[in-house]
Amino acid sequence: MTNPASPAERPSSERASRHPRGPAPTLHDVAREAGVSLATASRALNGSERKVAESFRERVEAAAAKLGYTANVSAQAIARGTSPVIALLVADIADPYFGLIASGVARGADEHGLVVTIAITERDQEREARIVRALRGQRPRGLILAASRTQEPREVDTAHELAEFARLGGTVVAFGPDGDADRRIEIDNRSGAETLARRMAELGYRSAIILGAAEGVRTSDDRLAGFRAGFEASGGVVESVRRGDFRRESGSAGMAAALADGVPAGTLVFAISDVVAIGAMSAIRDAGREIGADIAVCGFDDVPAASDVSPALTTVRVPLTEVGYQAFRATVDADWEQSPLPVEVVVRASTPAITR
């Protein structure tokens, strides 16, 4: 009777197939299984620009599939100069604004066989610079800075980190007029807010409160300035500006503070995002006030929840998924030029017409 071979004597391919939870197969295992050199296996699987004979490539790929081998992304980055990854930096992944942008980036990446990795900056300059520095070692093909950035002087040298990233072959795409980026995605926040304000004035509103983010955050500043310009040009008065951030809790807190100071019936509340506006609506209800006929509320972005809340929220529609898709295209298309990103005022029940 012949004894079966011990585990140490079995071929590496057999060990891998019988012990799926054992050590992961290596490139050496793949090369041995395919009967080629380690260099040939590496070129076939890691995307080297050096050509590999088709017969060898097929043997290597078959061996890799048999062993369950997954190519090392770092090795691919060294072979190609960049890895098959697009890095997306957002302020807050829980905010549907960034979720919609991410879906557009992911759609583009899928079309090109690339992977999206997401990092959260929390609009913190030091954190942003640290993330970019860490990403440089992974050599992603593109870096998209989707978070609204501050106009204040930077305490950390993010520009240096981005320049080093670009030097290694990556493309930097930023939202807004950022001088550190290779390419920029522009959303007409100011014009959209100004158009919204004029429309609200047409509905009869003459007194407004604005819920904005901290001074220096570009998206907030542009939307606030546009709304003020359009509202005041139409005979309205901005009574106060409450500063916070882009979170729902900020909208609730800012609105609660305004209500404590007194908000007359017929006042319009403009929040710099739908998420902030939804927080404000919650505070209005908690105070026993009515949204719409008593205190009107409008926002910006038109995230899905804007039409689901009651009453449905008046807002400015931004094609956020298309924004993300264009940001992706900017990282991979040498001849890329931004296509129009039209914004549109959508009037809903949260801002009924006032009869004077």
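Author: Start with a term: accessible areas come from the Shrake-Rupley method with a 1.4 Å probe. By that method the protein exposes about 16,900 Å². This is a predicted model.

Reader: What does the secondary structure come to?
Author: The protein has 14 helices and 11 strands. Among contacts between residues at least 6 apart in sequence, 75% join residues at least 24 apart.

Reader: Pick a helix pair. How do α2 and α4 cross?
Author: The axes of α2 (residues 27-34) and α4 (residues 54-67) come within 8 Å and cross at roughly 120 degrees. The two helices are therefore oblique to each other, and their crossing is right-handed.

Reader: Which residues make the contact?
Author: From α2, D29, V30, E33 and A34; from α4, R59, V60, A63, A64, K66 and L67. By class, that is six nonpolar, no polar and four charged residues.

Reader: Now α7 and α8. At what angle do the axes cross?
Author: Roughly 20 degrees, with the axes of α7 (residues 125-136) and α8 (residues 158-167) coming within 9 Å. Angles under 35 degrees count as roughly parallel, so α7 and α8 are roughly parallel to each other.

Reader: Left-handed or right-handed?
Author: The crossing of α7 and α8 is left-handed.

Reader: Which residues meet there?
Author: Q125, E128, A129, V132, R133 and R136 in α7 meet T158, E161, L162, E164 and F165 in α8. That contact divides into four nonpolar, two polar and five charged residues.

Technical notes. Residues numbered from 1 in each chain as written. Predicted model: local features only at pLDDT ≥ 70, side-chain atom pairs only at ≥ 80, totals over all residues. Heavy atoms only, no water. Axes fitted to C-alpha atoms, helices over the stretch in contact; angles between N-to-C directions. Helix = DSSP H or I, 4+ residues; strand = E, 2+ residues; numbered from the N terminus. Parallel < 35°, antiparallel > 145°, perpendicular 65-115°, else oblique. Left-handed = near helix turned anticlockwise from the far one by under 90°. Contact = heavy atoms within 4.5 Å. Nonpolar A, V, L, I, M, F, W, Y, C, P; charged D, E, K, R; others polar.
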